[in-house]
Amino acid sequence: MKNYFMLSLAIFTLLSCGNKKKKEDTTITESAEVKAPKTTLTLLRETTDLPALESVIFDEKRNVLYVSIQADKEPGDGSIATVSLDGELLNLKFTSGLNDPKGMAIVGDKLYVGDLFDLVEIDLETGNILKKYTDKKVRYFNDVTADGAGNVYVTDMHASSIYKLDANKNFTEWYASPNIESANGLLVVGNELIIGGWGYFTDGKALDAGIGKLHKMNLETQELSAITPDALGNLDGVQVLDDNSYIVSDWKEGKVFKVNKDGTSEELLDTERGAADLWYIRDKKLLLLPLNKENKLAFYEVN
């Protein structure tokens, strides 16, 4: 009887130790999950009195921000404003006489702006308009980006197409398909074009459209594939956040997302409608977010 008792006690002790170890292992795993780093946005400052601003871009050479101003969307009342990195409004009308300016890209000493039916070329030394490029089929130009060879791309959102201005100043419709979901945002990253789908529509009523995915396209082959497996939002601004992810804005819902290259996403910010064409300065960890309906540019620290 004594031997039987001692054997039972030994078995019980072993089982208890095993369960305890298993519980401790589970605790460690759960703790590691809780401590996983998250991306956070901290508001630093805001620049106000920017009427219906839509897009922002950083000119590293001149250490200044350019902001597209839609104003009342009347012919000629749009402009490009300049703002310092400290948030000071320098010049509301660095370039004036635009119609409905939106996305921008810098190539050398020139700024290219999607302005309703025109891709506008601006001299960055003077702010003067140098030339306008268009096509009779254009319905609504929006975002702009450029590749390393100096080619400029602009979305015709209402036609679900992309135009290209090559280095020899040839301007043509380069790609057109419902598959890019009435593309709004554009960004060249290496040999890929990252495309923010708004949500496909054909009737000109963007606010009644569904939502779109984040896509990528090979610039040489035009092969298109989705980054996000499901539709994410009415996507506007697209920027690289780090080596493994992008940061994108949803204009209609006023949200900002981190989208990983594997297609998973994380909501970083939920603000008012009109979270527009953002810009991220990676070495400064500074996110610049135009809030179109609030007429202000928000500066966020990214951690």
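How do the residues of the lining of the second largest pocket divide into nonpolar, polar and charged? They divide into eight nonpolar, four polar and five charged. This is a predicted model. Its secondary structure comes to one helix and 24 strands. The chain has 303 residues, and 49% of them count as buried. Among contacts between residues at least 6 apart in sequence, 43% join residues at least 24 apart.

**The largest pocket**

- The largest pocket holds about 560 Å³ of space.
- Its lining has 25 residues, and the closest to the pocket centre are Ile57, Phe58, Leu187, Gln239 and Trp279.
- Several strands each supply at least two residues of this lining: β2 (53-59), β6 (101-107), β10 (141-146), β14 (185-189), β18 (235-242) and β22 (279-281).
- By type, the lining residues of the largest pocket divide into 16 nonpolar, three polar and six charged.

**The second largest pocket**

- About 320 Å³ of space lies in the second largest pocket.
- It is lined by 17 residues.
- Nearest its centre lie Gln70, Lys73, Tyr140, Trp198 and Trp251.

**The sheet from β6 to β9**

- Four strands form an open sheet here, in the order β6-β7-β8-β9, with antiparallel pairing.
- β6 and β9 (129-133) are the edge strands, and each pairs on one side only.
- Neighbouring strands of this sheet are turned by 25° against each other on average, direction ignored.
- Inside the order, β7 (residues 110-115) and β8 (residues 118-123) pair in the antiparallel sense over six bridges.
- Lys110 has Asp123 in β8 as its bridge partner.
- One strand of this sheet, β6, is also among those that each supply at least two residues to the lining of the largest pocket.

**The sheet from β10 to β13**

- Another open sheet has four strands in the order β10-β11-β12-β13, and its pairing is antiparallel.
- β10 and β13 (171-176) stand at the edges with a single partner strand each, so one side of each has no neighbour in the sheet.
- From one strand to the next, the twist averages 25°.
- β11 (residues 152-156) and β12 (residues 161-165) pair in the antiparallel sense over five bridges.
- Asp156 stands opposite Ser161 in β12.
- Strand β10 also supplies at least two residues of the lining of the largest pocket.

**The β20-β21 hairpin**

- β20 and β21 form a hairpin, with four residues between the strands.
- Gly263 sits in the turn and has a positive phi of about 95°.
- The pairing of β20 (residues 255-260) with β21 (residues 265-270) is antiparallel and runs over five bridges.
- Val256 has Leu269 in β21 as its bridge partner.

- Most residues other than glycine have a negative phi.
- Ala52 is not a glycine, yet its phi is positive, at about 50°.
- Ala52 lies in the loop between β1 (41-47) and β2.
- Is Ala52 buried or exposed? Ala52 counts as buried because its relative accessibility is 12%, and buried means under 20%.
- Ala71 also has a positive phi, near 55°, and is a residue other than glycine.
- Ala71 has its place in the loop between β3 (64-69) and β4 (78-83).

Note on methods. Residues are numbered from 1 along each chain as its sequence is written. This is a predicted model: local features need pLDDT of at least 70, side-chain atom pairs count only at pLDDT 80 or more; totals for chains, interfaces and linings use all residues. Side-chain values use heavy atoms; hydrogens and water are left out. On a 1 Å grid over the protein atoms alone, a cavity is a set of points where a 1.4 Å probe fits but cannot get out, and a pocket is an open set with protein on both sides within 12 Å along at least five of seven lines; lining residues have an atom within 4 Å of a point. Grid points are joined across faces, edges and corners, and a volume is the space filled by probe spheres set on the points. Ala, Val, Leu, Ile, Met, Phe, Trp, Tyr, Cys and Pro count as nonpolar, Asp, Glu, Lys and Arg as charged, and the others, Gly among them, as polar. Two strands pair if DSSP finds at least two bridges between them. Axes are lines fitted to C-alpha atoms, for helices over the stretch in contact, and angles run from 0 to 180 degrees between N-to-C directions. Buried means under 20% relative accessible area, exposed over 50%, partly exposed in between (1.4 Å probe, protein chains only). Contact means heavy atoms within 4.5 Å.
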